[in-house]
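Thanks for coming, everyone. Please bring the structure up on your screens. I'll walk you through it in a few minutes.

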Amino acid sequence: MDLDFWEQRWNQNQIAFHLPEVNPYLGEYWHNFNVPENSQIFIPLCGKSLDLAWFASQAYSVLGVECSEKAIREFFLEQNLEIQTGQLKKFKAYNSVNIKLLQGDFFKLDRQILKDVSIVYDRASLIALPDKMRQKYVELLSQTLPDTAEIFLITLDYNQDHMPGPPFSVNHDEVIRLYQSHYKIELIHEDDVINNHQKFKERGLNRLVERVYRIS
Ligand SMILES: C[S@@+](CC[C@H](N)C(=O)[O-])C[C@H]1O[C@@H](n2cnc3c(N)ncnc32)[C@H](O)[C@@H]1O
């Protein structure tokens with residue numbers, strides 16, 4: 001599952017993961033995190049998510065990383081935001097007033113780039129990656145984020161034998177295994193949402209558990 005795979009998905013407009021609205025879990029659970037205005041929210045594998053604009057509207061500073069130039073350009077175009085471009089280390093940087101999107105490979109991020117992050121917002125990021133890459137993803141986050149940074153994580157858990165990813169199934173035990181050596185893990189929401197997802201039902205799933213975590 002390399003960058004070409006995602007480039008192709010974007011070029012062919014196969015972006016069923018993209019929500020046409022702000023993720024409802026933000027409205028429900030963001031208050032569990034006590035985040036002062038102007039804090040920096042980091043959104044790995046951000047796509048052109050409307051959540052980026054929601055964070056900016058809440059007076060946060062937003063940092064996203066995304067490999068697809070098409071996704072980044074569409075985000076700014078659809079939000080009607082003017083941009084300036086530049087270079088930040090191995091990334092092309094797209095800057096608007098309080099949103100900076102870095103185009104490039106998440107795995108090339110370093111401590112200096114992430115030094116001001118207060119919260120990581122992970123929706124469809126960890127679960128976009130296959131098994132081995134998930135371990136590398138969490139290793140990179142735990143080694144490069146400031147010690148005080150917290151993570152708002154949303155996962156999906158289903159029978160992986162019934163459907164290949166992405167999105168990949170990441171069950172509760174895996175979240176514990178991935179994060180427990182560096183973080184405290186708090187499960188704040190859990191629900192089987194299969195009845196709201198006809199397409200997944202048609203692909204053979206009879207269970208689709210969504211979980212929201214606060215990882216600190
Ligand atoms: C499943 S989508 C989720 C996008 C977004 N989080 C959302 O909720 O709409 C995963 C995104 O990660 C991007 N991506 C995948 N691997 C990446 C990598 N190594 N570095 C940067 N972006 C990556 C893809 O292009 C895709 O837009």
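Predicted model: local features only at pLDDT ≥ 70, side-chain atom pairs only at ≥ 80, totals over all residues.

The protein splits into domain 1, residues 1–15 + 37–123, and domain 2, residues 132–216. Their centres, taken over C-alpha atoms, are 21 Å apart. How many residues does each domain bring to the contact? Domain 1 brings 14 and domain 2 brings 13. Look at the side of domain 1 that touches domain 2. By class, that side has 8 nonpolar residues, 1 polar and 5 charged.

Now the ligand. There are 21 residues around the ligand. Which come nearest? They are Trp6, Leu45, Gly47, Cys67 and Phe106. By class, the shell around the ligand has 13 nonpolar, 5 polar and 3 charged residues. Two elements to find on your screen are helix H1, residues 3–11, and strand S2, residues 61–66. Each of them supplies at least two residues of that shell.

Stay with Leu45 for a moment. Leu45 sits in the loop between S1 and H3. Is Leu45 buried or exposed? Count the neighbours: Leu45 has 23 C-beta neighbours inside 10 Å, so it counts as buried. Its backbone deserves a look too. Phi of Leu45 is near 50 degrees, which is a positive value in a residue other than glycine.

Follow the chain on to helix H3. Helix H3 covers residues 50–57, and Asp51, Leu52 and Phe55 are buried there. Where do they sit around the helix? Look down the axis of H3: the buried residues fall within an arc of 110 degrees, so they line one face of the helix. And what do the buried residues of H3 pack against? The list has helices: H2, residues 24–29, and H4, residues 69–78. The list also has strands: S1 at 40–44, S2, S5 at 99–103, and S6. Just after H3 comes Ala59, with a positive phi of about 70 degrees.

Next, helix H5. Helix H5 runs over residues 131–144, which makes 14 residues. From its first C-alpha to its last, H5 reaches 20 Å. That is close to the 20 Å expected at 1.5 Å a residue. Which residues of H5 are buried? Tyr137, Val138 and Leu141 are. These three cover an arc of only 90 degrees around the axis, so they are on the same side of H5. The face turned away from the buried side carries the exposed residues Lys132, Lys136 and Gln143. What covers the buried residues of H5? The cover includes strand S6, residues 117–123, and helix H6, residues 172–179.

One more residue in H5: Glu139. Glu139 has 13 other C-beta atoms within 10 Å, so it is partly exposed. Now find Tyr179. Glu139 and Tyr179 are 40 residues apart in sequence, yet 8.9 Å apart in space, C-alpha to C-alpha.

Compare that with another pair. Asn34 and Ser169 are 135 residues apart along the chain, and their C-alpha atoms are separated by 29 Å. Asn34 is in the loop between H2 and S1. With 10 other C-beta atoms within 10 Å, Asn34 is exposed.

Now Asn80. Asn80 is in the loop between H4 and strand S3, which covers residues 84–88. Its phi is near 60 degrees, a positive value in a residue other than glycine. Why is Asn80 classed as exposed? Because Asn80 has 7 other C-beta atoms within 10 Å, and a residue is exposed at 12 or fewer.

Last stop: the prolines. Where is Pro166? Pro166 is in the loop between strand S7, residues 150–157, and H6. Pro167 is also in the loop between S7 and H6. Check the peptide bonds here. A cis peptide bond joins Gly165 and Pro166, with omega about -5 degrees. Another cis peptide bond joins Pro166 and Pro167, with omega about 0 degrees.

Domain 1 and domain 2 have centres 21 Å apart.

Conventions
Residues numbered from 1 in each chain as written. Helix = DSSP H or I, 4+ residues; strand = E, 2+ residues; numbered from the N terminus. Expected span 1.5 Å × (residues − 1). Buried ≥ 20, exposed ≤ 12 C-beta atoms within 10 Å, placed from the backbone. Arc of directions from axis to C-beta. Contact = placed C-beta atoms within 7 Å. Near = placed C-beta within 6 Å. Nonpolar A, V, L, I, M, F, W, Y, C, P; charged D, E, K, R; others polar. Domains from an automatic or database assignment.
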